[in-house]
Amino acid sequence: MKLQFNIDKLPPKGRRYNIIFNKDDVCVTEDVDNIKAAINIEKSGNVYKSKGFIEYDVHLECSRCLTKFAQHQKNDFECEFKEKGEYREYETEIDEQDKEYLIINKIIDFEPLFRDLIILSIPLKPLCSPDCKGLCPICGTILNKEKCEHYNNKEITKKYQKT
Ligand SMILES: [Zn+2]
Ligand SMILES: [Zn+2]
């Protein structure tokens, strides 16, 4: 229950929370650790405004050279949580995204927000560096580290470069 806050327990002036948690708390299967978040929650009229940041290390495999590497990520966020009743008259217009940031039974839940932030930050084709040279298509040498006999053979590299 690290990421859930009861609005009855929030001080009127708002509060800042610093939390450390792990990937199971946000149900992500990606290889993520050292997750930290700073959250400010403040009541503003009928809504609760929240902003802060989340940071973590994500462990990836380079899509070109297949080397494993870690990347540090930091994402700022800003969002509003509303009590379910606030939506009643617009009920048909609630889209999926808003639905997740509803306050249900007086609980503000950061789990869906943080899960979205983490999942969206993970690149589809991770690269260990922007100019990663990849693997030799013939002998599998990691070309960032050493050059094999095929490296300067233009005919061969051209043939394989399309992939
Ligand atoms: Zn690479
Ligand atoms: Zn080679």
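I began with what pairing means: two strands pair if DSSP finds at least two bridges between them. I also noted that strands (E, at least two residues) and helices (H or I, at least four residues) are DSSP runs, numbered from the N terminus.

**Entry: the model.** I reminded myself that this is a predicted model, in which local features need pLDDT of at least 70 and side-chain atom pairs count only at pLDDT 80 or more, while totals for chains, interfaces and linings use all residues. Residues are numbered from 1 along each chain as its sequence is written, and chains are lettered from A and ligands numbered from 1 in the order in which they are written.

**Entry: the overall order.** I looked up the elements of the protein chain and found three helices and seven strands, which run β-β-β-β-β-α-β-β-α-α from the N terminus on.

**Entry: the sheet.** I followed an open sheet of five strands, which has the order β2-β3-β4-β5-β6 and mixed pairing. β2 and β6 (102–103) stand at the edges with a single partner strand each, so one side of each is left without a neighbour in the sheet. In general, strands of a sheet pair through backbone hydrogen bonds, either parallel or antiparallel.

**Entry: β2 with β3.** Strand β2 (residues 15–21) pairs with β3 in the antiparallel sense over seven bridges. I traced two residues across to β3, where Arg15 has Ile41 as its bridge partner and Asn18 has Ala38.

**Entry: β3 with β4.** I found strand β3 (residues 32–44) paired with strand β4 (residues 47–61) in the antiparallel sense over eleven bridges. Ala37 stands opposite Ile54 in β4, and Asn40 stands opposite Lys51 in β4. The hairpin of β3 and β4 has two residues between the strands, and in this hairpin Gly45 takes a positive phi near 65°.

**Entry: β4 with β5.** Here I read 15 bridges, again in the antiparallel sense, between β4 and strand β5 (residues 68–83), with Tyr48 opposite Phe81 in β5. Six residues lie between the strands in this hairpin, where Leu66 takes a positive phi near 65°.

**Entry: a helix across the sheet.** I then turned to helix α2 (residues 111–121), which lies across β3, β4 and β5 and runs at about 145° to β5. Such angles run from 0 to 180 degrees between N-to-C directions, and the axes are lines fitted to C-alpha atoms, for helices over the stretch in contact. Two residues are in contact if their C-beta atoms, placed from the backbone, lie within 7 Å.

**Entry: contacts along the chain.** Lastly, I noted that among contacts in the protein chain between residues at least 6 apart in sequence, 51% join residues at least 24 apart.
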